[in-house]
Amino acid sequence: MLWSATPAHAADVPRYRITIPSGMARQEPGGVVRFFGAATALLRVRGLSVLVDPGTDGALSASDMAGIDLVLLSNPDWNGVAGAEWGGRPVVAMAGTAERLRSHGIHSVYPLETWEGITVRKGDTRLRLTSMPDPLGMRPARLAAMLDFGPSCRVLVNHGELSADEIGLIPQRFPGARLALLRQAGAPLLLAMEQDRREPVPAHAVAHGESYRFGSPTCQ
């Protein structure tokens with residue numbers, strides 16, 4: 001895969017920028033998410049694919065793996081890192097894990113401190129990914145991130161163990177999120193954020209491999 005990256009230095013812009021050639025990739029409208037294993041999720045939004053927390057227990061097909069543009073690691077599964085099929089993709093991870101990832105053969109690592117970000121472009125699809133604090137405003141033990149593809153396609157990813165009270169704070173602390181990919185009691189939890197409510201609403205019973213669609217066709 002050919003892609004380019006440049007560092008960004010101004011405080012009000014993302015720390016990194018990545019441009020991925022669009023090639024012949026098909027651009028489907030809106031977004032879709034699927035879960036595999038205990039925490040692995042695959043997000044596809046308007047032709048750009050993000051693999052979240054790949055592990056040894058999530059079975060992705062060869063076609064799914066071939067289309068991945070970016071990997072987000074909130075908590076690396078160190079048993080599955082060395083020799084991973086996704087190792088050649090750009091990898092976004094928490095600051096402090098970069099050297100260990102590189103020692104496992106993952107060299108295209110983009111470490112983020114809280115509130116730092118990265119912009120990814122593929123054709124006319126743009127992703128702004130920002131490392132976020134936890135719902136209490138503290139630095140999380142695992143990378144939490146807002147993936148912003150557009151107003152109707154903003155996805156919060158937090159695979160730390162959150163209490164019921166912390167989950168209840170998500171609409172207040174992250175008012176722009178339209179979907180939240182969480183992990184509770186070792187299992188994935190998918191929540192929708194409705195604009196006219198103050199509490200998150202369970203969006204869909206998580207079924208491994210089943211697709212859940214979200215957002216408007218253009219993500220606006």
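Does arginine 15 count as buried, partly exposed or exposed, and what is its relative accessibility? At 31% relative accessibility, arginine 15 counts as partly exposed, where buried means under 20% relative accessible area, exposed over 50%, and partly exposed in between, computed with a 1.4 Å probe and protein chains only.

1. Basis of the note. This is a predicted model, in which local features need pLDDT of at least 70 and side-chain atom pairs count only at pLDDT 80 or more, while totals for chains, interfaces and linings use all residues. Residues are numbered from 1 along each chain as its sequence is written, and side-chain values use heavy atoms, with hydrogens and water left out.

2. The chain as a whole. The chain has 3 helices and 16 strands; these elements are DSSP runs numbered from the N terminus, with helices being H or I of at least four residues and strands being E of at least two. Of its 220 residues, 51% count as buried. The chain exposes about 10,300 Å², and carbon and sulfur atoms supply 50% of that area, the accessible areas coming from the Shrake-Rupley method with a 1.4 Å probe, and for residues only the protein chains shown count as cover. Among contacts between residues at least 6 apart in sequence, 43% join residues at least 24 apart, a contact meaning heavy atoms within 4.5 Å.

3. The β13-β14 hairpin. Strand β14 (residues 187-192) runs antiparallel to β13, and 6 bridges join the two. They form a hairpin with 2 residues between them, and alanine 185 in the turn has a positive phi of about 55 degrees. Across this pair, leucine 182 stands opposite leucine 189 in β14.

4. Arginine 183. This residue is found in strand β13 (residues 179-184) and is partly exposed, with a relative accessible area of 22%. Arginine 183 and valine 157 are 26 residues apart in sequence and 9.1 Å apart in space, C-alpha to C-alpha.

5. The disulfide. The count comes to 1 disulfide, a disulfide being a pair of cysteine sulfur atoms within 2.5 Å. It joins cysteine 153 to cysteine 219, with an S to S distance of 2.2 Å. The pair links distant parts of the chain, with cysteine 153 in the loop between β11 (144-148) and β12 (154-161) and cysteine 219 in the segment after β16, 66 residues apart. The torsion about the S-S bond of cysteine 153 and cysteine 219 is about -80 degrees, so the disulfide is left-handed. Cysteine 153 and cysteine 219 are both buried.

6. Salt bridge between glutamate 116 and arginine 15. The structure holds 6 salt bridges, each defined as a side-chain nitrogen of Lys or Arg within 4 Å of a carboxyl oxygen of Asp or Glu. In one of them the side chains of glutamate 116 and arginine 15 meet at 3.1 Å, N to O. Distant parts of the chain are linked here, since glutamate 116 sits in the loop between β8 and β9 (117-122) and arginine 15 in the loop between β1 (4-7) and β2 (16-20), 101 residues apart. Glutamate 116 is partly exposed, with a relative accessible area of 25%.

7. Salt bridge between lysine 122 and aspartate 69. The side chains of lysine 122 and aspartate 69 also meet in a salt bridge, at 3.1 Å, N to O. Lysine 122 lies in strand β9 and aspartate 69 in the loop between α1 (62-66) and β6, so the pair ties together parts that are 53 residues apart in sequence. Lysine 122 is buried, with a relative accessible area of 9%, and aspartate 69 is buried as well, with a value of 3%.

8. Salt bridge between aspartate 148 and arginine 154. Here the side chains meet at 3.0 Å, N to O, and arginine 154 counts as partly exposed at 25% relative accessibility.

Key:
Two strands pair if DSSP finds at least two bridges between them.
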